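Subject: Handover of a structure

Dear colleague,

Please find the structure below, followed by a description of what was found in it. I would ask you to keep the structure open while reading.

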Amino acid sequence: MDRAQKEKVVEELGQIFESSGVVVVAHYQGLTVAEMQDLRARVRDVGGAVRVAKNRLAKIALEGTDVAGIADLLTGMTVLTYSEDPVAAAKAADDYAKANDKFVILGGAMGGTVLDADGVKAVAKMPSREELIAQIVSCIGAPASNIAGAIGAPASNIASILTTIEEKAA
């Protein structure tokens with residue numbers, strides 16, 4: 001890899017570290033190509049991506065960022081799993097680590113916070129953006145549904161009373 005290519009990789013990694021909601025660093029030694037493709041597919045399905053990069057270049061990209069502390073995790077065969085959603089990549093990586101012993105989560109970063117392996121697992125247990133939006137919408141919709149039911153209830157009661165009176169009269 002020549003100098004221009006290395007500079008391009010450092011720039012791409014810098015953008016990943018700045019724009020991602022979460023970055024998970026893990027060891028992947030011993031994974032087969034098929035297992036790595038499975039990991040990539042799982043992370044892609046949740047809107048994230050997987051990147052294998054030289055540790056030295058990743059450390060250069062981390063210099064001067066809020067999450068420069070994860071540079072200590074970049075030793076050996078490491079892979080970066082990241083997504084804009086602050087939970088998606090952590091959840092996908094944690095699920096994959098549970099299914100495959102060769103994939104070991106070392107830590108990561110969420111926003112400006114450096115996480116250890118337990119921190120990544122805690123983030124993975126949080127609800128995703130879509131789940132939070134669904135919860136908020138249901139909370140907003142519940143009062144409106146209750147009001148509609150309350151407004152419609154008297155009319156329904158009157159109709160049932162009138163039906164009962166008609167049946168008794170007939």
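Strand E3 is covered on both faces: Thr-78, Leu-80 and Tyr-82 are buried on one side, and Val-79, Thr-81 and Ser-83 are buried on the other. Here buried means under 20% relative accessible area, exposed means over 50%, and partly exposed lies in between, with a 1.4 Å probe and protein chains only. In a regular strand, the side chains alternate between the two faces of the sheet.

The model is predicted, so local features need pLDDT of at least 70 and side-chain atom pairs count only at pLDDT 80 or more, while totals for chains, interfaces and linings use all residues. Residues are numbered from 1 along each chain as its sequence is written, and side-chain values use heavy atoms, leaving out hydrogens and water. Helices (H or I, at least four residues) and strands (E, at least two) are DSSP runs, numbered from the N terminus.

The sheet

E3 belongs to an open sheet of 5 strands in the order E2-E3-E1-E4-E5, with antiparallel pairing. Two strands pair if DSSP finds at least two bridges between them. The edge strands, each pairing on one side only, are E2 (48-51) and E5 (113-116). From one strand to the next, the twist averages 20°; axes are lines fitted to C-alpha atoms, for helices over the stretch in contact, and angles run from 0 to 180 degrees between N-to-C directions.

Strand E1 (residues 22-27) pairs with E3 (residues 78-83) in the antiparallel sense over 6 bridges. Which residue of E3 is the bridge partner of Ala-26? The partner is Val-79. Helix H2 (residues 33-45) packs on the sheet and touches E2 and E3, its direction making about 150° with that of E2. Contact means heavy atoms within 4.5 Å.

E2 and E3 run antiparallel and are joined by 4 bridges. Gly-48 stands opposite Ser-83 in E3.

Helix H1

Helix H1 (residues 3-19) has 17 residues and reaches 24 Å from its first C-alpha to its last. Its buried residues are Val-9, Val-10, Leu-13, Gly-14, Ile-16 and Phe-17. These residues lie on the same side of H1 because they cover an arc of only 160° around the axis, the arc being that of the directions from the helix axis to the C-beta atoms. The buried residues of H1 pack against E1, E2, helix H3 (55-62) and E3. On the other side of H1, Ala-4, Lys-8, Glu-11, Glu-18 and Ser-19 are exposed.

Yours sincerely

Terms used: Expected span 1.5 Å × (residues − 1).
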